[in-house]
Structures are given as C-alpha cells and as structure tokens.
Amino acid sequence: MPARSVTVIPATINPRTHLPAAAFHKRKTGGYARVSTDKDEQFTSYEAQVDYYTKLIKGNPDWEFVKVYTDEGISGTNTKRRDGFKEMIEDALAGKLDLIVTKSISRFARNTVDTLVTIRKLKEKGVEVYFEKENIHTLDSNSELVLTIMSSLAQEESRSISENVTWGQRKRFADGKVSMAFKSFLGYKKEPYEVVDENGRRIIRNRIAIDETEAATVRRIYSLFMEGMTACGIAALLTEEGIPTPMGKQQWGSTTIESILTNEKYKGDAILQKTYTVDFLNKVIKVNEGEVPQYYVENSHPAIIDRQEWDLVQAEFARRKTLGRRYSGNGIFASRIICGDCGALYGAKVWHSNSKYRRTIWQCNSKFKGQRKCTTPHVDEATIKAKFLLAYNQLMVDREQVLEDCRIIQEALTDCTALDTEAEALSQEMEVVAGLTRKCIEENARIPQSQEDFERRYSALVKRFDTAKARLDAIDAQRMERRVKADAIGGFLFAISEGEVCITEFDPRLWTATLDTVTVHSDGLLSFQFRNGSKIDI
C-alpha cells in the first residue's frame, strides 16, 4: 500500500475581510459619531468626534474614507429614531462599507439586544465594527463573549443614568421648579437675568416671561371661546388669518386650541409630571394616571389669563361637554335657548338674507318635526338682550344676599368629606377582596377541591369587587360634577362682584359667565336660569 501523502492548499481568502489574501484592497471605512443631547455644550463634542474620525480614517493607508455617520441629540438606548445609525447599517449591508469605526459600545448602542443583533447582521456580510475604547474587532472569534459582557454593562450604565435623571427631575418637581418647552408653547419665552451668588460672582440664569405678541393670540382664543365659538371654529379662523401655531405651522387643529384653553400654565400655575417614561430602553411615555406622584405649583410664573377667567372657561367647557353634539358654536346664544314645549334647543335662522331687511331670529329646532307643531314663538336677538338686562338687574336688586348665597353653595359643593370617607372605605374594601381572590385562586391551584364550590366563591368575590368599584367610579364622577358646579359658581361670583349693580348695555361675557339657560314659553314668557340657581321670568 503506497504511503499516505498530504498536500496543504494555502488559504486564498482573508477570514476577517473575506477578500483575496494575496491582493491588496483598501477597506471601505466609515465612522460613527453620536452625542445624546442637542444642548449647546454638547456641540463641541459632536464636532470633535466628526473631525477625529475623518482624520483617523483618511490617515490610515489601508482604509478608504467613505463617510462619518452622525446622530445629534439622540439617545443610544434604542435604534428606532437614529437616522444616521440606520443609514450606516443599510450602507454596510449593501456592500458600501467593509469597516465601521466608533468610539465605544455605549456610543454604538446601550441596548444589549440591539448591539448583538446588529453586529451579527454585519458579520454575515463580512463587515467589521471596531470599538476603540474596548479594542474589540467584531470579526475576531473571541469578540462575541466580550461584546455581550460589555454591552450588558453599557445597558446597566444607561439604566443607572436614566434612574439618576428621573430622580433629579422629580426632585426639581418637588422643589416646585417649572420649565417649559418654549419652542412649542404659545405665549411664553425664556428671559435671561443676572444674579449674584454667595461668592459675589455674577451668574446669568433664565426665567419664564410673557411673550406679549404671542400672548395676544392666547387671550384672543380665550375671548372667542367665551363668545360662543367652538375650538374647531377658532382653529379655522386662526388658520384663515395666517396666524402661526405654537410649533410655527400654518394649519391650526381643534386639539391645539383645546390644549391652550385647558392648560393651567396660562393662569400662572403648573402641574408637574403629567406624563412619565415607562421603559428607559424604548422610551415609552405614558399619561400619568396616578402611577407616579404629581406636583401642583401655584403662582410659578406670570399669568397670561386671569385666574377667574380661566375658571370660567373650564366651567363653560364642562357645560358644552354635557351638551355633547347638541352644542352649536353659532354665537353666544347657541345651545342656551330652550323650547318650553318640547325641550329642544333653539337655533339661528336668517330671514330676508338677500335684502336690506335681513335679520337673525332664534326658533325651536324641532318646531316643524313630528305631528305636533311647537307653539313657542321665535325670538330675535334684540329681544333676548333687552330681557336679559331686565332679568340681570332684577337679580342684582339684592346683590349682597346673592353673593352670600353663592358662597354658601360653593362651600357646600367643595366639601367632599363624606364622599372622600366613603371612597377610602371602598378602596380598602377592594384591596381586601383582591387579596381574598388571589388566595382563593392559589388554594384552588394547590389543594384539590370541588370546582363548583371554587367557581361559586370566585364569582361572589368578583361580584363584590365589581360592586365596590362601580360605586367608587360613581363617587369620582360625583366629585367631578361638584367641582364643575363649584367652578361655575365661582365664575358667577366673580362676574357679579366685579360688574355693575345696574347695567344698561348688553355684555356678552356677562351673559356667558352668569346665565345657564333661557326657556321660551308659548305665551312669550322668557325664564332666565342663572348659574347660582336663581330663576327670573320676564
């Protein structure tokens, strides 16, 4: 048998570059630079990284410079919003890059899963990533273990940073320190001012100040709303007039108007921590529904809207919400005049629209609906205004007594002691029942027993819990209703205490602030129902 012969066939492909070993080929190289905030003090760091990687790649004779990919003001905890990073990976997978150079694993990604998944995708295409700080080449056979450990440490570092930032923010909230996103908040601006510290050094700080140009738009929005316009109508008007939105856009939306009308910051107060970040990796932001503390800071900054006027707007908001789709924004009389026959709302009708005799009258919207025609008459705006003056002046004959009665009503409405006590008892009841339910389920899983008995006990506990929860929800709704009524009474109090005892001219704001509804009867009688509960027939 002839002797065994072995011939060595030399490798022709470089395992790291996947290129012919004998051929010289410059590696197409890109750099990646990122800073995690877009503040001015980070700008120099960002510029320095770009300049460094440009010179580093161009200075290496074995590398061919392609590009420095950048992300500015973006967190590294996930890759969803990092456009520069995504562009770099797409170029690498498309064969435009052989090597990526970056500062460290934490610059690349602080998410272990993102790091490993991305690195493996690149390795499949023969693309290497070089992390300078850790001196890791991802095409090395031992790199994955080290990479897993280092990226896990980077993720934990990110968690620690996130927790420290959250703690710092909540400490600021607890101290009552208020900040604003001035670029997207209409009516306010950042104003620098000078202070002297304990060492006598002059320091420039910033405070919240009113931007009078934008504040005029805010005041107008509140005024238009109190004159009867809807949020949608106000948005259409501002868009038509070319007034820019808080974000500087041309198209206004009703939600933007509603947020301005309901934001407590316009009366000089601030609710802090309305939202919170659920997950530091995915940056999921959720509306705070009681999961974390909130802080209410009064008089934290200058007010654009008077406090009483703001309360009036909230009361009007609540009134319109109860009307739902029945509310019309056709002026201050819309959704306030009621038919005494059928209970339907009066609507505006234009008579002689194309002649000099044109006028607007108000008539029952259901007058000609159904088999029976309503007998209530139409009323014109001049009549409504004149009779409102008579009703209001009659109400003000004994203004001091009216004010005293309102204060008593408001005090009674704001006293929720009994409701709070019941709510506390119900919360404790629900907690006990939830514990009994868990115990019932655990026993059923651990101890053999009749499933019919288990279902009966379990169903009884669930019913008990649901009953308590339904009552607690009803108490919450009752408290909200009382608060809305108290706000309405507060607005009424402010309006009549500031106004004249006897008025001779119709004031739209006084109408909105003091009046609830007007009922028109068949004989022409108008019943004015004021917000303090008083009813006057004219």
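**Close-up A. Aromatic pairs in the predicted model, with Tyr188 and Tyr266 shown.** In this predicted model, the count of aromatic pairs comes to 17. In one of them, the rings of Tyr188 and Tyr266 have their centres 6.1 Å apart and their planes at 25°, so the pair is stacked. Planes under 30 degrees apart count as stacked. Tyr188 belongs to strand β6 (residues 188-196), whereas Tyr266 sits in the loop between α8 (254-262) and β8 (270-272), so the pair ties together parts that are 78 residues apart in sequence. Tyr188 is buried, with a relative accessible area of 2%. Tyr266 is buried as well, with a relative accessible area of 2%.

**Close-up B. The aromatic pair of Phe388 and Phe528.** This pair is tilted, with 6.3 Å from centre to centre and 50° between the planes. Phe388 comes from helix α10 and Phe528 from strand β17 (residues 526-530), so distant parts of the chain, 140 residues apart, are linked. Phe388 is buried, at a relative accessible area of 0%; Phe528 is also buried, at 0%.

**Close-up C. The open sheet of four strands, in the order β12-β16-β17-β18.** Pairing in this sheet is mixed. The edges are formed by β12 (337-339) and β18 (535-537), each with a single partner strand, so one side of each is left without a neighbour in the sheet. Direction ignored, neighbouring strands are turned by 25° against each other on average. β12 pairs with strand β16 (residues 515-520) in the parallel sense, over three bridges. Cys339 stands opposite Val520 in β16. Helix α10 packs on the sheet and touches β12, β16, β17 and β18. The direction of α10 makes about 55° with that of β17.

**Close-up D. Leu390 in helix α10.** Helix α10 spans residues 381-395. Leu390 and Ile536 are 146 residues apart in sequence and 9.4 Å apart in space, C-alpha to C-alpha.

**Close-up E. The two faces of helix α2 (residues 83-93).** The buried residues of α2 are Gly84, Phe85, Met88, Ile89, Asp91 and Ala92. They cover an arc of only 160° around the axis, which puts them on the same side of α2. An α-helix has 3.6 residues a turn, so residues three or four places apart point the same way. Asp83 and Glu90 are exposed and lie on the face of α2 turned away from its buried side. After α2 comes Gly95, whose phi is positive, near 90°.

**Close-up F. Ser104 and its contacts.** Ser104 lies in the loop between β3 (99-102) and α3 (105-108). At 3% relative accessibility, Ser104 counts as buried, because the cut-off for buried is under 20%. Not counting residues up to four places away in sequence, Ser104 touches Phe131, Lys133 and Glu134.

**Close-up G. Lys58 over the ring of Phe65.** Lys58 lies over the face of Phe65, at 5.0 Å from the ring centre.

Terms used: Residues are numbered from 1 along each chain as its sequence is written. This is a predicted model: local features need pLDDT of at least 70, side-chain atom pairs count only at pLDDT 80 or more; totals for chains, interfaces and linings use all residues. Side-chain values use heavy atoms; hydrogens and water are left out. Buried means under 20% relative accessible area, exposed over 50%, partly exposed in between (1.4 Å probe, protein chains only). The arc is that of the directions from the helix axis to the C-beta atoms. Contact means heavy atoms within 4.5 Å. Rings of Phe, Tyr and Trp (its six-membered ring) pair if their centres lie within 6.5 Å; planes under 30 degrees apart count as stacked, over 60 as edge-to-face and the rest as tilted. A charge sits over a ring if NZ of Lys or CZ of Arg is within 6 Å of the ring centre and within 35 degrees of the ring normal. Two strands pair if DSSP finds at least two bridges between them. Axes are lines fitted to C-alpha atoms, for helices over the stretch in contact, and angles run from 0 to 180 degrees between N-to-C directions.
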